Amino acid sequence: MAKADASHGPNTRLGHGGNDPMDYYGFVNPPVVRASTVLFLDARTLIAEDQKYNYGTHGTPTTDALCEAISGLEGAAGTVLVPSGLAAISVPLLTFLSAGDHVLITDSVYGPTRRFANEVLPRMGVTVEYFDPLLGADIARHLRPETRVVFLETPGSNTFDMQDIPAIAAICRPRGIVTMVDNTWATPLYYRPLEQGVDIVIHAATKYLGGHSDVLMGTVSTNAQLWPRLYRGHMVLGMCVGSDDAYLILRGLRGLGRRLAVHQESTLAVARWLEGRDEVKRVYHPALETDPGHAIWKRDFSGAASLFSFSLRDGVDAHRLLNALSVFGLGYSYGGYESLAAKVNLADRTLKRADAEDTLIRLHIGLEDVEDLIADLERALIAARVAAPDDLPAAS
Ligand SMILES: Cc1ncc(COP(=O)(O)O)c(C=O)c1O
């Protein structure tokens with residue numbers, strides 16, 4: 001049976017990537033191989049470890065199927081699986097940084113990435129510096145002779161700033177600086193950083209790839225040049241995953257394209273509706289024409305995800321708003337079938353922003369009927385008004 005390849009559309013590739021059913025009696029899905037021990041045929045193969053599988057931490061047919069599917073989607077030479085999205089950040093940073101090195105990290109990075117960078121990397125003798133996500137080719141001004149890694153996330157967490165990835169990669173690659181992108185928001189369906197000169201692509205597969213809020217995993221993919229180092233770095237750290245979890249992510253992948261299309265359509269409807277509300281100061285979503293990152297999003301991405309923020313005007317109370325929601329759950333994740341809301345803030349930013357003191361609500365728009373989501377938000381926004389009616393314009 002022919003495997004789907006780059007000549008096929010994304011949904012065909014999602015449906016047929018990874019395992020070949022004919023490798024396992026024609027069953028459509030791969031077996032879930034739960035494994036620690038692997039037996040060897042004889043003394044020679046045992047000593048030389050000369051067979052495809054030799055121990056559970058190094059992979060199974062189930063984890064391989066997922067790795068192959070992700071590599072195909074990203075256009076990568078190889079992919080490793082790790083137990084969480086956060087591990088997909090720590091493993092490549094630990095692999096490519098050493099004592100004396102300098103790492104540049106975008107200031108709108110996912111909070112726990114910052115925590116890892118601040119609490120672990122300095123203990124290893126690595127100097128950490130945060131940069132303005134919008135600086136593009138001006139990153140050159142921050143490079144030092146000892147800069148080894150530039151860590152990117154686009155759009156950035158909570159404020160959804162778009163980074164000019166091709167411009168940054170073009171500065172870094174000739175200097176041998178490894179660029180890493182956390183691509184969780186866009187998924188490989190809507191953005192492919194390796195095609196724009198990036199070296200390492202990271203996903204919290206926990207989110208859209210799994211899609212059902214029932215599994216934690218991370219993936220790290222890279223090009224042919226860095227693959228041996230990434231593979232070795234992953235192996236020595238022992239950051240493996242179980243085959244049951246890999247199976248769940250592979251299952252989630254099959255319908256990813258169709259899910260994302262609904263997420264995208266509903267999200268834009270909600271975001272546009274919020275832009276017209278008097279309780280809302282600003283909506284942060286790069287697919288909106290009003291967003292400062294819109295031009296880069298349009299140039300580099302082929303679609304938009306479901307996670308975005310909006311800030312509240314004075315006189316609108318975030319706690320009341322959250323407590324009044326009934327279809328939206330309150331929670332910090334995203335990418336699942338169910339809508340979520342959370343209060344976020346920009347207090348962890350290193351660089352000062354004009355909106356630093358604003359109250360931000362972050363939404364993940366799930367697969368529910370969008371009319372129900374808008375009705376839920378409308379009720380909650382009205383309930384959240386604490387200012388006297390004269391101080392706040394009437395709801396539109
Ligand atoms: C951009 C981004 N990267 C990584 C992660 C970490 O994923 P996990 O929760 O699987 O550790 C998250 C989680 O919210 C995220 O938003």
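Asn29, Pro30, Tyr247, Leu250, Arg251 and Arg254 line the largest cavity. A cavity here is a set of points, on a 1 Å grid over the protein atoms alone, where a 1.4 Å probe fits but cannot get out, and lining residues have an atom within 4 Å of a point. The volume of the largest cavity is about 30 Å³, a volume being the space filled by probe spheres set on the points, with grid points joined across faces, edges and corners. One cavity of 30 Å³ or more is counted by this rule. Its lining divides into three nonpolar, one polar and two charged residues; Ala, Val, Leu, Ile, Met, Phe, Trp, Tyr, Cys and Pro count as nonpolar, Asp, Glu, Lys and Arg as charged, and the others, Gly among them, as polar.

The model is predicted, with local features requiring pLDDT of at least 70 and side-chain atom pairs counted only at pLDDT 80 or more, while totals for chains, interfaces and linings use all residues. Residues are numbered from 1 along each chain as its sequence is written, and side-chain values use heavy atoms, leaving out hydrogens and water.

Next come the pockets. A pocket is an open set of grid points with protein on both sides within 12 Å along at least five of seven lines. The largest pocket has a volume of about 640 Å³. It has 33 lining residues, and Tyr110, Gly111, Pro112, Ser157 and Arg362 lie nearest its centre. At least two lining residues come from each of helix H4 (85-96), helix H5 (111-119), strand E6 (200-204) and strand E11 (340-344); helices (H or I, at least four residues) and strands (E, at least two) are DSSP runs numbered from the N terminus. H4 supplies the largest share of this lining, three residues. By type, the lining of the largest pocket holds 15 nonpolar, 11 polar and seven charged residues.

The ligand takes up the space of the largest pocket, on the rule that more than half of a molecule's atoms lie within 2 Å of the grid points. Around the ligand are 13 residues, of which Gly85, Leu86, Asp182, Thr206 and Tyr334 come nearest; a residue is near if one of its heavy atoms lies within 4 Å of the molecule. H4 gives the most to this shell, with three residues. The shell divides into six nonpolar, four polar and three charged residues.

A backbone N or O atom of Gly85 is 2.7 Å from a ligand oxygen. Thr206 places a polar side-chain atom 2.5 Å from an oxygen atom of the ligand, and for a polar side-chain atom of Tyr334 the distance to a ligand oxygen is 2.7 Å. Of the 390 Å² of accessible area that the ligand has on its own, the protein covers 90%, with areas taken from the Shrake-Rupley method with a 1.4 Å probe.

The second largest pocket contains about 450 Å³ of space. Among its 24 lining residues, His58, Asp64, Cys67, Thr79 and Tyr231 are the closest to its centre. Helix H3 (61-74), strand E1 (78-82) and helix H8 (227-237) each contribute at least two residues to this lining, and H3 has the largest share, five residues. The lining of the second largest pocket is made up of 10 nonpolar, 11 polar and three charged residues.

Two backbone features remain. Most residues other than glycine have a negative phi, and most peptide bonds are trans. The peptide bond from Thr154 to Pro155 is cis, with omega near -10°, and Pro155 is in the loop between strand E4 (147-153) and helix H6 (165-172). Glu49 is not a glycine, yet it has a positive phi of about 50°. Glu49 sits in the loop between helix H2 (43-48) and H3.

Conventions:
Polar contact = N/O pair within 3.5 Å; in protein donor to acceptor, adjacent residues only side chain to side chain.
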